[in-house]
Amino acid sequence: MSEHENDASTSASAGPWSRYWASGVLHSCPGAFAGNYDDEIRDHWLAFFGGLPNGARVLDIGTGNGAVAFLARDAAHTLGREFHIEGIDAALIIPSEAAARHGLTVGHIVFRGGTACEQTGYPDRSFHAVSSQYAIEYSRVGDTLNELARILKPGGRAGFIMHHSNSKAVETTRAEIGIFDYLRQEAPLIAACRRLLAGLAESGDEEQLLDRLTNREAQQQHKEIAGLLQSVTAYARSQPQAAFVEGIAVQVSRTLQRTPTTGPAAALDSLTVLEDEMAAHRERLQAILRAAQGGPDVERFCQSAVAAGFIVDTPQVILRRGEDLLGWTVTATRES
Ligand SMILES: C[S@@+](CC[C@H](N)C(=O)[O-])C[C@H]1O[C@@H](n2cnc3c(N)ncnc32)[C@H](O)[C@@H]1O
């Protein structure tokens, strides 16, 4: 395969992530880290990669738009070493665009989208180290650990940072899913707009449209929508993720405001796009919750790693500024 290639046979479950990476973000926590991962996460990876010799071959799995692969290169540069770095992801990825937005270049790093970590296609004993930041826990863990044991050289190192079920990121994820539930069950704003627009879309000509826009039924529907918008705005004020809820309300209001100009069919299309985005976002949030690890999960993870042929260090938690729980760290060595 050539550098930076996306395998088109990527699985459907990667769809929400492909959409996310297509937006050009560099990593999965843009709300917490404006540039690349910083602070303790950066320090952790610099220390992990810093233990590798010159010429080491490094693979970052579930790499997304390559944040940890870029940190591997930073570690090599800091130490005056060269690593051969590759990043794979089941989703379609665009690291070069994400990099450009952050003043980075892909350079010699090889990225492969559409490549599952359970079956990488690399020859046995290909790498000195494998890294995974919030990634292996999304995969079939036993299969992935067997695969990593196969492609690592004897004595090779594996480093994992995994979601912690009590971390801030996971708490935020739960809250955002609650917002989707609220918008669907308690304040069905989009459904109300659809009803109004579907009625308007039946107009044969402009005159009929103007008539329908002002008739009694439409006025009642407008009133209902205004009430729902008010509820959503009030709800947003009670939420730490206010901007997220307000963003949805603003998009809906704008679509409605533009309807006399764009026509109801285009407005309905805009709502479909918004709903698709919301569905993909929700699917991604649910994947995060499924991936989040409690203590017993991490214990099972370590047992699977031992069964796959790793010597596993005791799991640790990683905190930001000594307070915010970022996740679990597990490091392991491929048995010789
Ligand atoms: C939370 S994101 C983390 C991305 C990146 N490591 C970061 O920290 O920015 C999880 C990534 O794992 C990928 N992923 C999930 N299951 C996978 C699998 N079986 N094989 C490879 N990648 C997978 C997703 O497509 C997604 O890009």
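At roughly what angle do the axes of α7 and helix α11 cross, and within what distance do they come? The axes of α7 and helix α11 (residues 264-291) cross at roughly 155 degrees and come within 9 Å, which makes α7 roughly antiparallel to α11, a label given to angles over 145 degrees, where under 35 counts as roughly parallel, 65 to 115 as roughly perpendicular and the rest as oblique. Such axes are lines fitted to C-alpha atoms, for helices over the stretch in contact, and the angles run from 0 to 180 degrees between N-to-C directions.

The model is a predicted one, in which local features need pLDDT of at least 70 and side-chain atom pairs count only at pLDDT 80 or more, while totals for chains, interfaces and linings use all residues. Residues are numbered from 1 along each chain as its sequence is written.

## The chain as a whole

The chain holds twelve helices and nine strands, these being DSSP runs (H or I of at least four residues for helices, E of at least two for strands) numbered from the N terminus. Its C-alpha trace spans about 80 × 40 × 35 Å along the principal axes. Of the 336 residues in the chain, 38% are buried, where buried means that 20 or more other C-beta atoms lie within 10 Å of the residue's own, exposed that 12 or fewer do, and partly exposed that the count falls in between, with C-beta atoms placed from the backbone. Among the contacts in the chain with a separation of 6 or more, 76% are between residues 24 or more positions apart, a contact being a pair of residues whose C-beta atoms, placed from the backbone, lie within 7 Å.

## Helix packing

Two packed helices are described by the angle between their axes and the distance between the axes.

| Helix pair | Angle between axes | Axis distance |
|---|---|---|
| α7 and α11 | roughly 155 degrees | within 9 Å |
| α7 and α9 | about 160 degrees | 9 Å |
| α2 and α3 | roughly 60 degrees | within 9 Å |

By class, the residues of the contact of α7 with α11 divide into ten nonpolar, no polar and two charged, with Ala, Val, Leu, Ile, Met, Phe, Trp, Tyr, Cys and Pro counted as nonpolar, Asp, Glu, Lys and Arg as charged, and the others, Gly among them, as polar.

Helix α7 (residues 189-201) also packs against helix α9 (residues 216-237), and these two helices are therefore roughly antiparallel to each other. Their crossing is left-handed, and the contact is made by L189, A192, C193, R195, L196 and G199 of α7 together with residues of α9 that include E217, Q221, I225 and V232. Nine nonpolar, two polar and three charged residues form the contact of α7 with α9.

Helix α2 and helix α3 (residues 67-78) cross at roughly 60 degrees, and that makes α2 oblique to α3. The crossing of α2 past α3 is right-handed, with R42, W45, L46, F49 and G50 of α2 meeting V68, L71, A72, D74, A75, A76 and T78 of α3. The residues of the contact of α2 with α3 comprise eight nonpolar, two polar and two charged.

## Individual residues

V25 is found in the loop between α1 and α2 and is partly exposed, because 18 other C-beta atoms lie within 10 Å. Leaving aside residues up to four places away in sequence, V25 touches Y20, P30, N65 and A98. The loop between α1 (15-22) and α2 (39-50) is also the place of A34, which counts as exposed because it has 9 C-beta neighbours inside 10 Å.

D39 lies in helix α2 and has a positive phi near 50 degrees, although it is a residue other than glycine. R321, which is not a glycine either, has a positive phi of about 45 degrees and lies in the loop between β8 (316-320) and β9 (324-334).

## Around the ligand

Of the 21 residues around the ligand, W17, H27, G62, G64 and S139 come nearest, where a residue is near a molecule if its C-beta atom, placed from the backbone, lies within 6 Å of it. The shell around the ligand has twelve nonpolar, seven polar and two charged residues.

How values were computed. Left-handed = near helix turned anticlockwise from the far one by under 90°. Contact = placed C-beta atoms within 7 Å.
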